[in-house]
Amino acid sequence: MSGSTRLAKRLKSLDVFRGMAIAGMILVNTPGSWDHIYPPLEHAEWDGFTPTDLVFPAFLFISGVAMAFSLAKYLTDNNRPTGNVYARIARRCLLLFALGLMLNSANLLLGLQKNLRILGVLQRIAIAYFFGAIAVLNLPRRALWLGSAFLLLYYWWAVTSIPVPGFGSGNLTLEGNLVGYIDRTLLGQQFMYKQAPFDPEGLFSTLPAIVTVIAGYLTGDYLRRAPIKSSTSVNLLLFGLGSLVIGYLWGNIFPVNKQLWTSSYVLVSAGWSLLLLAACYEAIEVRKIEKWGFPFEVMGANAIFLFVASGLVTRMFYVLKVGAGEKAPSLYAWIYENGFVPWAGELNGSLLFAIATVALWWLVLYGMYRKGWFFKV
């Protein structure tokens, strides 16, 4: 096996990495209290990078890696895409976008938000995946590298050079940045996140997010052809370190910022994704140390289902009340305050609440895994 390549076979290490990402997403999205969170489990307030800021771009990166394997079967011998691949891509992306819009609609219907937000996490995945897939099906690898570099440089130039009415050029504040201005102009502030002047999953900032997908694809394309050896893991490691160095250096003049999805943030998040994937690949594919990854593999096998289902259940727990009256606590708050705070305290109880949520969802997904139930988009 050491000299074989993976032209069509799934990478178990990628499923494990996906499971780690979705477990991290549930962990940071369901604290017992948003007022009591350990700093590494919070997003950077604006500029900066925390472990939590890796979760979302890791999903995009992983979708790109998987794309290298899933789209290979739709290419002819001369690397021309077959006719039905575009319909499949469009169907997948439309479904992802619709699921994200459904979650946003649930916020509106349940009274958790006063406006219908158009964009969101799943919507960004859908848009970035769509344009990333079109690019990889029609451009050679060299063009993908050059095109990605161009997009990151263009985004840097645009955000720092194009003036925003009332704020001027180069304004990277929450209210004055170009990204928010474009979204307010094209979408309307009434359809943005909490009707704020800026949407963290806005339209213009999805442009560099496409590069995150393409970076994943180039990684998957390499793994598809590379021998299953430690040298392959080392190459992933070196690329990851290189991406981190360039990203953090770039961050001195174009700050690492998740909400703006800055070019430096693309490189930093891709670098950390490469390092984690290298570790998973070396342990699982090369050394065949697989048992540790099984719990994450279970979660990764139904990642989209988990994201949607946990989102809906959490929303319901926010709305359902325990007791009568206006001051009756939500079921979510009641469980936290009565089941975790008395014996663990507010901060640790909040963390343990999130861990318990991950564990409960794992049991659900394990049952689905045993029965062979996989929700595919």
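Predicted model: local features only at pLDDT ≥ 70, side-chain atom pairs only at ≥ 80, totals over all residues.

Colleague: Ok, so how many aromatic pairs does the structure hold?

Modeller: It holds 21 aromatic pairs. Take W261 and Y265: their ring centres sit 5.0 Å apart with the planes at 80 degrees, so that pair is edge-to-face. The cut-off for edge-to-face is over 60 degrees between the planes.

Colleague: And why quote two values for a pair?

Modeller: A pair of aromatic rings is described by both the distance of the centres and the angle of the planes.

Colleague: Are W261 and Y265 buried or exposed?

Modeller: Buried. W261 has 0% relative accessibility, and Y265 has 0% as well. Buried here means under 20%.

Colleague: Which residues form an aromatic cluster?

Modeller: Y318, Y332, Y336, F340, W343 and F353 form one.

Colleague: Switching topic. What's the overall fold made of, helices or strands?

Modeller: Helices: there are 14 of them and 0 strands. Going along the sequence, you read α-α-α-α-α-α-α-α-α-α-α-α-α-α. The radius of gyration is 21 Å, close to the 21 Å from the globule rule for 377 residues, so the protein is as compact as a globular protein of that length.

Colleague: What does the C-alpha trace span along its principal axes?

Modeller: About 70 × 55 × 40 Å. Of the 377 residues, 49% count as buried. And among contacts between residues at least 6 apart in sequence, 72% join residues at least 24 apart.

Colleague: What about the surface and the charges?

Modeller: The protein exposes about 17,700 Å², and carbon and sulfur atoms supply 66% of that. On the charge side, the protein has 30 positive and 19 negative charges, and their mean positions are 12 Å apart.

Colleague: Back to single residues. Where is N257 found?

Modeller: In the loop between α8 (230–250) and α9 (263–286). N257 is buried there, at a relative accessible area of 0%.

Colleague: Which residues does N257 touch?

Modeller: Leaving out residues up to four places away in sequence, N257 touches W46, D47, T262 and Y265.

Colleague: What does F56 touch?

Modeller: V121, R124, I125, E201, K258 and W261, again not counting residues up to four places away in sequence. The C-alpha atoms of F56 and A270 are 11 Å apart, and the two residues are 214 apart along the chain.

Terms used: Residues numbered from 1 in each chain as written. Heavy atoms only, no water. Helix = DSSP H or I, 4+ residues; strand = E, 2+ residues; numbered from the N terminus. Rg over C-alpha atoms; globule rule 2.2 N^0.38 Å. Buried < 20%, exposed > 50% of the residue type's maximum accessible area, 1.4 Å probe, protein only. Contact = heavy atoms within 4.5 Å. Areas by Shrake-Rupley, 256 points an atom, 1.4 Å probe, with all protein chains shown as cover. Lys, Arg positive; Asp, Glu negative; His and termini not counted. Charge placed at Lys NZ, Arg CZ, Asp CG, Glu CD. Phe/Tyr/Trp six-rings, centres within 6.5 Å; stacked < 30°, edge-to-face > 60°.
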